[in-house]
Amino acid sequence: MKKIEAIIRPARLETVKSALNALGVHGMTVSEVKGFGRQRGHREVYRGATIDAQFLPKTKIEVVIHDVSLESVITAISGAARTGEVGDGKIFILPVEDVVRIRTEEHGEAAV
């Protein structure tokens with residue numbers, strides 16, 4: 001099993017969610033986060049004052065999937081989140097040793 005953490009633009013969340021649902025991925029965790037990468041934030045002018053916004057709002061999506069679905073899920077996320085501009089985000093893939101469903105105490109892929 002793999003855990004995918006995707007950091008994307010907040011405006012692309014619904015598109016990514018729809019792409020994942022079309023693949024049969026229904027469970028996910030979504031968090032509002034702030035950060036920056038190569039774009040290093042941006043400058044805004046507010047009431048005549050220039051403000052450096054170093055941390056930009058982003059959305060973090062976390063899903064745990066079976067190994068066989070990995071490439072199709074990565075393709076779906078990157079295709080749905082891509083705008084072609086700097087700041088589209090990143091996808092991190094991590095190994096998952098085990099999963100336990102609390103209600104039934106099922107382990108492994110049956111718990112996903």
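Exposed here means over 50% relative accessible area, buried means under 20%, and partly exposed is in between, using a 1.4 Å probe and protein chains only. Before I go on, this is a predicted model, where local features need pLDDT of at least 70, side-chain atom pairs count only at pLDDT 80 or more, and totals for chains, interfaces and linings use all residues. Residues are numbered from 1 along each chain as its sequence is written, and side-chain values use heavy atoms, with hydrogens and water left out.

Back to Lys90, which sits in strand 6. Strands are DSSP E runs of at least two residues, helices are H or I runs of at least four, and both are numbered from the N terminus. What does Lys90 touch, leaving out residues up to four places away in sequence? Glu5, Ala6 and Ile7, where a contact means heavy atoms within 4.5 Å. Lys90 and Ala6 are 84 residues apart in sequence, yet their C-alpha atoms are 5.7 Å apart in space.

Four strands make an open sheet in the order 2-5-1-6, with antiparallel pairing; two strands pair if DSSP finds at least two bridges between them. Strands 2 and 6 stand at the edges with a single partner strand each, so one side of each has no neighbour in the sheet. From one strand to the next, the twist averages 20 degrees.

Look at strand 5. Seven bridges join it to strand 2, running antiparallel, and one example is Val33, whose partner in strand 5 is Lys58. Strand 1 also pairs with strand 5 in the antiparallel sense over seven bridges, including Lys3 with Val64. Is strand 5 enclosed or open? Seven of its ten residues are buried, so strand 5 is largely enclosed by the rest of the structure.

On to the helices. Helix 1 lies across strands 1, 2 and 5, at about 10 degrees to strand 5. Helix 2 lies across strands 1, 5 and 6, at about 5 degrees to strand 1. Those angles run from 0 to 180 degrees between N-to-C directions, with axes as lines fitted to C-alpha atoms, for helices over the stretch in contact.

What about the inside? A nonpolar core is a set of buried Ala, Val, Leu, Ile, Met, Phe, Trp, Tyr and Cys residues joined through side-chain atoms within 4.5 Å. The largest one has 18 residues, and among those touching the most other members are Ile4, Val16 and Val73. Strand 1, helix 1, strand 5 and helix 2 each supply at least two of its residues, and helix 2 gives the largest share, seven.

Last topic: charges. How many salt bridges does a search of the whole structure find? Six, counting a side-chain nitrogen of Lys or Arg within 4 Å of a carboxyl oxygen of Asp or Glu. One joins Glu5 and Lys60 at 3.8 Å, N to O; that links strand 1 to strand 5, 55 residues apart. Glu5 is buried at 16% relative accessible area, while Lys60 is partly exposed at 22%. Another joins Arg9 and Asp88 at 2.9 Å, N to O, bringing together two loops from positions 79 residues apart. Asp88 counts as buried at 15%, and Arg9 is partly exposed at 23%. Then there's Glu106 with Arg101, at 2.9 Å, N to O. Finally, salt bridges with shared partners join Lys3, Glu5, Lys60 and Glu62 into one network.
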